[in-house]
Amino acid sequence: MKLTLKIWRQKDAKAKGKMVAYQLDDVSPDMSFLEMLDVLNQDLIDKDEEPIAFDHDCREGICGMCSMFINGRAHGPDREITVCQLHMRSFKDGDTITIEPWRAKAFPIIKDLIVDRSSFDRIQQAGGFISVNTSGNTQDANNIPISKYAADTAMDAATCIGCGACVASCKNSSAMLFVGAKVSQYALLPQGRVEAVDRVKNMVAQMDLEGFGNCTNTGACEVECPKGISLENIARMNRELVKANLIKF
Amino acid sequence: MSGFFNSSIGRKYAMALSAFFLIIFLIIHLSVNLTSVFSKDVFNEFSHFMGTNPLIQFAMQPVLIFGVVFHFVMGFILELKNRSARAVKYVKNTGSANSTWMSRNMLLSGGVVLAFLVLHFIDFWIPEMNVKYLQGDMSGLLSDGEGYRYYEELVHKFESPLRVGAYVIAFVLLALHLLHGFTSAFQSIGATMGRRKTVQNIGKAYSILIPLGFIVVALFHHFNH
């Protein structure tokens with residue numbers, strides 16, 4: 001396959017970036033998208049040019065590092081995948097592919113296609129945990145009965161890998177699918193209920209502080225989420241926040 | 001609780017609550033309008049009651065005006081804040097791949113409905129206020145004293161094809177606004193959990209039938225008189 005790639009190049013956080021076009025003449029349809037970028041980078045290195053900086057780690061769809069907006073969509077075409085799970089057979093010979101980093105005020109660009117997602121970490125640190133002593137004296141998990149529904153729904157929410165595709169796809173750069181999932185995975189379980197009031201209040205407050213936009217329920221996040229996190233988690237978070245305010249106001 | 005309404009989610013709640021109020025108001029307004037298709041007298045009676053009842057005039061009407069203004073101003077503030085959350089736009093963004101046109105253009109559809117409301121105020125509300133409270137004529141009668149004036153005024157307004165055209169366009173945009181807004185309001189207050197499809201279906205029916213009702217009333221009077 002012959003491809004034209006238009007890629008966002010930005011030297012560092014402060015530099016002004018621009019789209020730069022590259023040609024690749026021998027791309028196999030069996031390559032993953034990241035392998036295709038590896039080939040391009042090898043070409044650039046051979047020509048003594050600066051390779052394209054992009055985040056990647058596991059290359060098996062669970063690390064969520066690959067913050068690439070490909071042809072106008074988070075992680076490119078196809079549903080419920082990350083960039084390493086995107087293959088070149090999804091494109092045609094002669095295609096032009098645009099590759100940009102996530103764009104959101106709360107995800108500043110570090111270099112080229114790499115963005116700083118530490119705002120997600122700070123939201124998580126504001127309440128996305130349970131305070132429990134795990135120093136060898138934990139009780140048997142089956143001591144607390146949990147319904148199949150709660151266990152399954154909490155697990156579905158917990159599959160969020162914090163990749164930020166929801167923020168990237170949202171026209172408002174809202175982080176509510178991420179925060180909704182993190183609130184839900186605890187809210188559904190008895191162990192999480194103990195700190196539920198403070199958790200939702202603190203996580204939402206931190207989310208607002210980070211400069212994410214507001215959810216307008218377009219549903220783009222749910223469509224682009226590589227883990228298929230449902231909008232229902234946002235509804236649950238909204239409900240949790242009202243409950244929390246009614247309890248303590 | 002004031003902290004709640006300053007949070008991003010709290011503001012969405014406020015937006016949804018004003019939307020619910022307007023959703024109920026539309027049903028009441030259409031119910032009165034529809035009577036004009038079936039009975040001139042019933043429409044006149046309803047209109048006179050709505051126009052002179054102190055509870056409706058001095059309690060419900062200010063609340064309604066506040067609701068409309070609040071919904072628009074809050075919507076506008078949220079839109080500005082949301083736009084500022086992405087300082088640099090994407091070079092290529094295929095929004096149609098993951099969301100509906102309606103959901104991405106609520107400010108546009110809402111803006112058209114608001115422009116229509118200005119026309120509506122000039123057509124009906126300002127003349128009403130003038131007759132009732134400036135001229136002091138609370139009788140609701142025609143100038144010759146022969147029966148109520150409301151039905152005649154309604155029929156007169158729908159004579160102009162231009163006004164009917166503007167009316168139809170505004171209600172099509174209202175339908176598009178509601179096709180996203182109805183479900184969105186329920187989602188914002190967390191009421192869609194486990195019943196999203198049901199809410200979506202009710203929303204679709206409401207969003208098409210209510211604006212269609214208003215359009216039918218306008219076209220009925222335009223072609224019948």
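Colleague: What share of the contacts in chain A with a separation of 6 or more comes from residues 24 or more positions apart?

Modeller: The share is 70%. A contact means heavy atoms within 4.5 Å. In chain B, 73% of the contacts between residues at least 6 apart join residues at least 24 apart.

Colleague: What should I know about the origin of these values?

Modeller: This is a predicted model: local features need pLDDT of at least 70, side-chain atom pairs count only at pLDDT 80 or more, and totals for chains, interfaces and linings use all residues. Residues are numbered from 1 along each chain as its sequence is written, chains are lettered from A and ligands numbered from 1 in the order in which they are written, and side-chain values use heavy atoms, with hydrogens and water left out.

Colleague: How many helices and strands does chain A have?

Modeller: Chain A has nine helices and seven strands. Both are DSSP runs, numbered from the N terminus: helices are H or I with at least four residues, strands are E with at least two. Chain B has nine helices and zero strands.

Colleague: Why is A:I62 called exposed?

Modeller: Its relative accessible area is 54%. Exposed means over 50%, buried under 20%, and partly exposed in between, with a 1.4 Å probe and protein chains only. So A:I62 counts as exposed.

Colleague: Where is the place of A:I62?

Modeller: A:I62 sits in the loop between helix 1 (33–46) and strand 3 (68–70) of chain A. Leaving aside neighbours within four places in sequence, A:I62 is in contact with A:I161 and A:K227.

Colleague: How much of each chain is buried?

Modeller: In chain A, 55% of the 249 residues count as buried. In chain B, buried residues make up 44% of 225.

Colleague: What supplies the accessible surface of chain B?

Modeller: Carbon and sulfur atoms supply 72% of about 11,700 Å². For chain A, they supply 51% of about 11,000 Å². The areas come from the Shrake-Rupley method with a 1.4 Å probe; for residues, only the protein chains shown count as cover.

Colleague: How far apart do the centres of the two charge sets lie in chain B?

Modeller: They lie 29 Å apart, for 17 positive and 11 negative side chains. In chain A, with 29 positive and 33 negative side chains, the centres lie 7 Å apart. Lys and Arg count as positive, Asp and Glu as negative; His and the chain ends are not counted.

Colleague: What is the span of helix 4 of chain B set against?

Modeller: Helix 4 (residues 54–84) has 31 residues and reaches 44 Å, close to the expected 45 Å. The expected span is 1.5 Å times one less than the number of residues.

Colleague: Where does helix 4 of chain B bend?

Modeller: The bend is about 35° at B:M60, and B:P62, a proline, follows within four residues. A bend is the angle between axes fitted to the seven residues ending there and the seven starting there.

Colleague: What covers the buried residues of helix 7 of chain A?

Modeller: The cover includes helices 2 (118–125), 5 (176–187), 6 (190–193) and 9 (232–247) of chain A, together with helix 2 of chain B. Among the buried residues of helix 7 are A:V200 and A:M203. Just after helix 7, A:G211 takes a positive phi of about 90°.

Terms used
Charge placed at Lys NZ, Arg CZ, Asp CG, Glu CD.
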